[in-house]
Amino acid sequence: VMKKIVSIILCFILCVSMFVGTSITASALEYNGFTYTVVDNKITITGYSGDEKNLVIPAFLGDYEVTEIASLAFYQNGDIVSLDISDGIEKIGAKAFYNCRSLKSVSIPNSVTSIGGSAFSGCTSLAQAPALSATTLAGSCYQYMFYNCTSFTQAPALPATTLADDC
């Protein structure tokens with residue numbers, strides 16, 4: 001009997017110890033048309049199913065801070081015409097806005113320090129590249145960021161900076 005009780009207690013302790021210090025994450029959450037994940041109380045936007053044409057990506061969804069836009073999050077979204085990314089967002093993933101053919105204007109705050117490759121490639125209605133800080137470009141690869149943006153009326157301006165090593 002004593003061996004059985006000790007075995008049950010040890011099994012319980014082992015099971016509990018597996019969960020101590022484990023970060024709980026949620027997937028496929030949705031708020032105001034945004035799909036997102038939460039890791040360590042920070043949000044990564046993974047998609048958008050709303051119909052807003054003049055989209056503001058907020059700094060907060062509910063009580064959590066938005067810090068990242070995932071790769072392919074808005075891939076081929078044909079509804080968005082203007083995009084305003086709120087201050088506080090730090091990272092835009094690769095191909096996040098790839099082939100958003102209706103997108104005409106983009107505002108990116110200085111808080112964004114990393115933009116993945118081809119983030120705005122194929123945005124054929126985009127007439128001008130958004131202003132990007134030197135900090136943003138230092139953490140990003142500018143190559144193909146605006147590839148096939150056929151409506152550009154002027155070449156994107158590059159601030160004096162050192163590009164990321166992998167460019």
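Asparagine 99 sits in the loop that runs between strand E8 (91-92) and strand E9 (105-107); helices (H or I, at least four residues) and strands (E, at least two) are DSSP runs, numbered from the N terminus. This is a predicted model, where local features need pLDDT of at least 70, side-chain atom pairs count only at pLDDT 80 or more, and totals for chains, interfaces and linings use all residues. Residues are numbered from 1 along each chain as its sequence is written, and side-chain values use heavy atoms, with hydrogens and water left out.

- Asparagine 99 has a phi near 60°, a positive value in a residue other than glycine.
- Its relative accessible area is 12%, so asparagine 99 is buried (buried means under 20% relative accessible area, exposed over 50%, partly exposed in between; 1.4 Å probe, protein chains only).
- Serine 118 isn't a glycine either, yet its phi is positive, at about 60°.
- You'll find serine 118 in the loop between strand E10 (114-115) and helix H2 (134-138), and at 15% relative accessibility it counts as buried.

**Aromatic pairs**

- The count comes to 7 aromatic pairs, going by this rule: rings of Phe, Tyr and Trp (its six-membered ring) pair if their centres lie within 6.5 Å, and planes under 30 degrees apart count as stacked, over 60 as edge-to-face and the rest as tilted.
- Take tyrosine 48 and phenylalanine 74: their ring centres are 6.1 Å apart and their planes are at 35°, so this pair is tilted.
- Tyrosine 48 belongs to strand E3 (residues 42-48), while phenylalanine 74 is in the loop between strand E6 (64-69) and strand E7 (82-85), so the pair ties together parts that are 26 residues apart in sequence.
- Both partners are buried: tyrosine 48 has a relative accessible area of 15%, and phenylalanine 74 has 2%.
- Phenylalanine 97 and phenylalanine 120 make a stacked pair, with 5.2 Å from centre to centre and 5° between the planes.
- Phenylalanine 97 is in the loop between E8 and E9 and phenylalanine 120 in the loop between E10 and H2, so here the pair ties together parts that are 23 residues apart in sequence.
- Phenylalanine 97 counts as buried at 1% relative accessibility, and phenylalanine 120 is buried with a relative accessible area of 0%.

**The cluster**

- One aromatic cluster is formed by Phe34, Tyr48, Phe74, Phe97, Phe120, Phe146 and Phe152.

**A charge over a ring**

- Lysine 95 lies over the face of tyrosine 98, 5.1 Å from the ring centre; a charge sits over a ring if NZ of Lys or CZ of Arg is within 6 Å of the ring centre and within 35 degrees of the ring normal.
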